[in-house]
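Me: I'm new to reading protein models. Could you walk me through a few features, one at a time?

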Amino acid sequence: MPAKILNLVVILLIASTCDSTESTLGRLKAYLQGETDAYGISVDLSDDKQVNISMLLMSISNLNAAEQIFTFSAGFRMTWLDQNLAWNKTDYDNITEVTVSENFVWIPTIAIPNGIDSATLTSKQSPKISSNGIASLQFLESLKTSCQIDITRYPFDQQRCSILFTPVNTFDLGVDRTGSIITGLPSFFIENSEWELVDILAKYVDVQMKQISSLVSFEFFLKRKSMFYIVSIIFPMALLSLLNACVFLLPADSGEKMSYLISIFVSYAVFMNFVNDSIPKSGDVCRLSVYLTLILCQSCLAIITTMATLNVRNNGVLCQPKTDVQTEHDKVNTKITERPYVKSASKVRRADHVFFGVFLLLALMSVLVFCV
């Protein structure tokens, strides 16, 4: 019997505590909600209220160089101070923080000037309000922004993309912490397979325009991971350019010089079909395109040079006046053709050695286009 009485007393105490808490929350809700349910409480803009925004990057999805679109996911947090939302916690059972529906409190609306799919940063979450009048709103977003891409140094390029925030109303927009915020990345940050995140810079931009009271920018510094392009594009093309020079080491009597060069030229054409798919389509000319053009010109020049040397050897275009020193083969040809000129196979071979050095030097110098 005493145990039942004790249980009954505990239940009554819990019920009274719950009623007291609900009553306290009801009084606090009525205080924060104001006199009318429709309009709620708004910030007095004449007091120069400021909304601070912070960002926590979650992942970098894509950077489309052709369409100039930067896609990423991040968490955002907006905080602002409204003295109309402050209360004395001792009057409300030491309640220091509550969550209030967005229908009853003022929530700042922030525009994204360079946004593509979303023009404003909005959230359906309810803000948290502290007893000191500080309100905060947190939400996650996957955003797409326009990004000016410079592919001049592709595939060793670095890009700078940003997301801009500006207030829709006349309140001031600031940032919690300016400068580099890359040290605050979460442990679950998902890296991109093509781009390396170098830094994130948060700053306040002074636009000095009447239409825009303030502007906050988060800049992403990205560096392309170029090892894939070195192994799969640059290195094979450099080997082909070196093979162009090796044609002058083949003996002319083999009859394989032209077929050797044509095979390399066809390899260029087939390989460039693959390369063109990986090069960003843009009005600017990248270093990789310049390099491919140079080695293609080297291949054409090697074909023309080889045709000229073969013509010299076979038809006696390379000639010199008769001298007292002639080979027995030249003496026989002179007696048969009775020409005043002789062809010199040794000079053709020396010319091939010179051309080999020249084209080898051109192949090596072409790689320097990435260093300029």
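Reply: Happy to! Keep in mind that this is a predicted model. Let's start with a strand pair: β8 (residues 158-167) and β12 are joined by eight bridges and run antiparallel.

Me: What holds strands together in general?

Reply: Backbone hydrogen bonds do the pairing in a sheet, and the strands may be parallel or antiparallel. In the pair we began with, you can look for Phe-165, which faces Val-216 in β12.

Me: Which sheet do β8 and β12 belong to, and in what order do its strands come?

Reply: They sit in an open sheet of six strands, and its order is β5-β4-β8-β12-β11-β10, with antiparallel pairing. At the edges you find β5 (120-121) and β10 (179-180), each of which pairs on one side only.

Me: Where can I see mixed pairing?

Reply: Look at the open sheet of six strands with the order β3-β6-β7-β2-β1-β9. On average, neighbouring strands in this sheet are turned by 30° against each other, direction ignored.

Me: Why is one side of β3 and of β9 left without a neighbour in the sheet?

Reply: Because β3 (97-99) and β9 (172-175) are the edge strands, each has a single partner strand.

Me: Now the surface, please. Which residues form a nonpolar patch there?

Reply: Leu-301, Val-354, Val-358 and Leu-362 do, and together they have about 300 Å² of accessible area. Helix α6 (residues 345-366) contributes the most to this patch, with three residues.

Me: Let me pick one of them. Is Leu-362 buried, partly exposed or exposed?

Reply: Start with the cut-offs: buried means under 20% relative accessible area, exposed means over 50%, and partly exposed lies in between. Leu-362 has 32% relative accessibility, so this residue counts as partly exposed. You will find Leu-362 in helix α6.

Me: What is Ser-226 in contact with, leaving aside its neighbours within four places in sequence?

Reply: With those neighbours set aside, Ser-226 is in contact with Pro-155 and Phe-156.

How values were computed. Residues numbered from 1 in each chain as written. Predicted model: local features only at pLDDT ≥ 70, side-chain atom pairs only at ≥ 80, totals over all residues. Heavy atoms only, no water. Contact = heavy atoms within 4.5 Å. Patch = residues over 30% accessible without salt bridge, like charges linked within 9 Å, V, L, I, M, F, W, Y side chains within 5 Å. Areas by Shrake-Rupley, 256 points an atom, 1.4 Å probe, with all protein chains shown as cover. Salt bridge = Lys/Arg side-chain N within 4 Å of Asp/Glu carboxyl O. Helix = DSSP H or I, 4+ residues; strand = E, 2+ residues; numbered from the N terminus. Buried < 20%, exposed > 50% of the residue type's maximum accessible area, 1.4 Å probe, protein only. Pairing = 2+ DSSP bridges. Axes fitted to C-alpha atoms, helices over the stretch in contact; angles between N-to-C directions.
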